[in-house]
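This report describes one protein chain for a reader who has not seen it before. The sequence and model come first, then the text.

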Amino acid sequence: VVLFAGRLDPQKAPDDLLTAFEHFAPKAADFHLLFAGEGPLKADLQQKANSLSCANRIHFCGWQAQIPQLMRAATCLVLPSLWEGMPNVVLEAMASGLPVISTRVDGVSELIQNGEQGTLVATGSPDEIQQALQDLNTQTARFTKMAKSAQALVKNEFTWDSIAEKYDRIYTNLLSLDD
């Protein structure tokens with residue numbers, strides 16, 4: 001299961017993922033694409049998906065409260081956004097040990113070192129997303145290793161204690177500037 005979890009709107013570029021999956025699907029008959037989310041592009045995406053030869057493997061489940069359960073059932077998370085801040089969905093996927101394929105955008109680039117904690121692709125590039133999915137399909141051990149690295153990073157760097165310590169250092173440094 002290739003999981004997209006987020007708003008179905010232009011910023012998130014779900015159409016790029018749908019296009020990538022359309023070309024990837026013939027090479028990976030056991031893969032399904034799951035869109036979890038609502039938004040203004042939903043009807044258009046569903047219409048396009050229904051016209052594809054792999055339509056029976058593309059699913060729209062709407063807004064879901066239980067994203068962690070979906071992540072446990074998924075093979076990877078794909079976030080094809082055109083821009084981001086610090087996307088919680090990527091942090092959640094990393095924390096759960098789910099491989100991440102995302103566009104190389106601010107926020108994500110600070111979380112994932114390409115090839116170390118996940119795979120980063122160019123924005124607006126369904127071809128690169130398709131290639132990353134193909135790599136996932138043929139290099140499972142490599143993606144599992146990246147997911148474990150990402151999980152360790154989140155466990156060590158994104159705990160309440162580590163974040164509080166970082167803020168404490170920032171405030172201490174700012175206060176020392178007045179001296």
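How far apart are the mean positions of the positive and negative charges of the protein? The mean positions of its 14 positive and 21 negative charges lie 8 Å apart. Lys and Arg count as positive, Asp and Glu as negative, while His and the chain ends are not counted; each charge is placed at NZ of Lys, CZ of Arg, CG of Asp or CD of Glu.

This is a predicted model, in which local features need pLDDT of at least 70 and side-chain atom pairs count only at pLDDT 80 or more, whereas totals for chains, interfaces and linings use all residues. Residues are numbered from 1 along each chain as its sequence is written, and side-chain values use heavy atoms, without hydrogens and water.

The protein has eight helices and six strands (DSSP runs numbered from the N terminus: helices are H or I with at least four residues, strands E with at least two). From the N terminus their order is β-α-β-α-β-α-β-α-β-α-β-α-α-α.

Helix H1 (residues 14–24) is largely enclosed by the rest of the structure, because eight of its eleven residues are buried (under 20% relative accessible area with a 1.4 Å probe, protein chains only). They are Pro14, Asp16, Leu17, Leu18, Thr19, Ala20, Phe21 and Phe24. Elements that cover these residues through contacts (heavy atoms within 4.5 Å) include the following:

| Element | Residues |
|---|---|
| strand E1 | 2–5 |
| strand E2 | 33–36 |
| helix H2 | 42–50 |
| helix H6 | 126–138 |

Across the protein, buried residues make up 45% of the 179 residues. The C-alpha trace spans about 65 × 35 × 30 Å along its principal axes.

Technical notes: Buried < 20%, exposed > 50% of the residue type's maximum accessible area, 1.4 Å probe, protein only.
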